[in-house]
Amino acid sequence: MALIRRDFFARSVHAVAPDLIGATFLFGGVGGRIVEVEAYHHTDPAAHSFGGRTERNAVMFGPPGFSYVYRSYGIHWCVNFVCEPEGSASAVLIRAIEPLEGLAKMRRRRGLDDDRLLCSGPGRVCQALGISRVHNGLPLDAPPFELHRRSRKAVEVAIGPRIGITKAVDQPWRYGLKGSRFLSKPFRA
């Protein structure tokens, strides 16, 4: 599988997000296949960048192909991939992956054995992979990150509204691998 380089992210967040479905995401050799993401465009009131640059979201205003890691509700770390030309402040939130590599480490970090629950939510992804604030602003095409394009085999991408937000809730900017049992929440039929 071909590695994903930073230039992959220098496109519309709405092109990058569905293209990530089926890609392999490893962090320090631990991870799996991306099965669910959400797009956040800088014009979107639900995006952290919507109100302008802050210390917290500064990496979103930088070049594409870098990690934006933040704490959600003061509890969970979440990882996003910065997209679009520098200054655009758009990103893709990684919501769920199918765990494939480093399962023993993921189980230990999460304190459970159910593979379906290891990475089925953005906070679970970061806990299972060991991603935290210290990984904010790192390039996505260099260790500890490793991203591989999905195989040439076509994947069926489900599209629906994002979840867990209170603004712009009707935007169909959530993308997932249709039929995956590793989604954080099923898509509506």
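This is a predicted model: local features need pLDDT of at least 70, side-chain atom pairs count only at pLDDT 80 or more; totals for chains, interfaces and linings use all residues.
View 1. Residues are numbered from 1 along each chain as its sequence is written, and side-chain values use heavy atoms, with hydrogens and water left out. Serine 67 belongs to strand 3, which spans residues 67-72; helices (H or I, at least four residues) and strands (E, at least two) are DSSP runs, numbered from the N terminus. With a relative accessibility of 0%, serine 67 counts as buried. Buried denotes under 20% relative accessible area, exposed over 50%, and partly exposed the range in between, for a 1.4 Å probe and protein chains only.

**View 2. Leucine 112 in the loop between helix 2 and helix 3.** Helix 2 covers residues 103-110 and helix 3 covers residues 115-118, and leucine 112 is found in the loop between them. The relative accessible area of leucine 112 is 23%, and this residue is therefore partly exposed. Apart from neighbours within four places in sequence, the contacts of leucine 112 are Arg107, Leu117 and Leu118.

View 3. Strand 8 (residues 174-177) is covered on both faces. Arg174 and Gly176 lie on one side, Tyr175 and Leu177 lie on the other, and all are buried. In a regular strand the side chains alternate between the two faces of the sheet. Two strands pair if DSSP finds at least two bridges between them. Strand 2 (residues 30-40) pairs with strand 8 in the antiparallel sense over three bridges, and strand 7 (residues 157-160) pairs with strand 8, also antiparallel, over four bridges. Glycine 176 of strand 8 is the bridge partner of glutamate 36 and also of alanine 158.

View 4. A disulfide is a covalent bond between the sulfur atoms of two cysteines. Here it is assigned to a pair of cysteine sulfur atoms within 2.5 Å, and by this rule the count is zero. The sulfur of cysteine 78 has its closest cysteine sulfur in cysteine 126, at 5.9 Å, which is too far for a bond. For cysteine 119 the closest cysteine sulfur is also in cysteine 126, at 9.6 Å, again too far for a bond. Cysteine 78 is buried at 3% relative accessibility, and cysteine 119 is buried with a relative accessible area of 1%.

Key. Contact means heavy atoms within 4.5 Å.
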